[in-house]
Amino acid sequence: MLSRAVCGTSRQLAPVLGYLGSRQKHSLPDLPYDYGALEPHINAQIMQLHHSKHHAAYVNNLNVTEEKYQEALAKAQIALQPALKFNGGGHINHSIFWTNLSPNGGGEPKGELLEAIKRDFGSFDKFKEKLTAASVGVQGSGWGWLGFNKERGHLQIAACPNQDPLQGTTGLIPLLGIDVWEHAYYLQYKNVRPDYLKAIWNVINWENVTERYMACKK
């Protein structure tokens, strides 16, 4: 089931490309763990606000915007496309992010993913340094990503501003996303983004990232 969801994320943004088929309302996905499960690395207050307020707002706004977009299509209006991209991307990005985290996370990946990381970045530590640097370097709000370049068969690191979805923006298939909007860490880490990025490695769900890699590698 994950493989269909993982490699099909770009299809969820079909409305951004100007096409809406039979519309089904989006819903806020449940977290696979309690709000406090990632403590002390990410506290319960941040997780509750991030999930139940911020992600929920993207979902609600996406549903409202898609309804308006259907009406606007008949008039050939494209003014709503930025809202679709922003809220659709916010929904997709966060749906990946929650599963990328786990109270049993941390450490290193194993098997083929670890070998691919060593091949494409030199070592796991060098990979962590590069993804952390890319995430720290996002100006304002955005995301740091580990993605898969299906054409080249290689892993790549990328950063996207705001809620721009990785696949729709770069063509890379998202494997691991790190949210560096301030709402993801400010209540606990204030404006010290590097401290948040240092802590988040302790809760990365490498089983989920590996599953995404193996699904998209086929």
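This is a predicted model: local features need pLDDT of at least 70, side-chain atom pairs count only at pLDDT 80 or more; totals for chains, interfaces and linings use all residues.

Trainee: Why is α4 called roughly perpendicular to α5?

Mentor: The axes of α4 (residues 111-121) and α5 (residues 124-136) come within 8 Å and cross at roughly 70°. Angles of 65 to 115 degrees count as roughly perpendicular, and therefore α4 is described that way relative to α5.

Trainee: Which residues meet there, and how many of them are nonpolar?

Mentor: Leu-114, Ile-117 and Phe-121 in α4 meet Phe-124, Lys-126, Phe-127 and Lys-130 in α5; by class, this contact has five nonpolar, no polar and two charged residues.

Trainee: What makes the pair Asp-164 and Lys-85 a salt bridge?

Mentor: The N to O distance between their side chains is 3.9 Å, and because the cut-off is within 4 Å, the pair qualifies. Asp-164 sits in the loop between β2 (154-161) and α6 (166-170), while Lys-85 belongs to helix α3 (residues 81-100), 79 residues apart.

Trainee: How do you know whether Asp-164 is buried or exposed?

Mentor: Its relative accessible area is 15%, and since buried means under 20%, Asp-164 is buried. Lys-85, at 33%, is partly exposed, as that value falls between 20% and 50%.

Trainee: Why does the salt bridge of Lys-217 with Glu-112 tie together parts that are 105 residues apart in sequence?

Mentor: Lys-217 lies in helix α9 (residues 206-217) and Glu-112 in helix α4, so their pairing joins those parts; the closest N and O atoms are 2.8 Å apart, which is within the 4 Å cut-off.

Definitions and conventions
Residues are numbered from 1 along each chain as its sequence is written. Side-chain values use heavy atoms; hydrogens and water are left out. Axes are lines fitted to C-alpha atoms, for helices over the stretch in contact, and angles run from 0 to 180 degrees between N-to-C directions. Helices (H or I, at least four residues) and strands (E, at least two) are DSSP runs, numbered from the N terminus. Angles under 35 degrees count as roughly parallel, over 145 as roughly antiparallel, 65 to 115 as roughly perpendicular and the rest as oblique. Contact means heavy atoms within 4.5 Å. Ala, Val, Leu, Ile, Met, Phe, Trp, Tyr, Cys and Pro count as nonpolar, Asp, Glu, Lys and Arg as charged, and the others, Gly among them, as polar. Buried means under 20% relative accessible area, exposed over 50%, partly exposed in between (1.4 Å probe, protein chains only).
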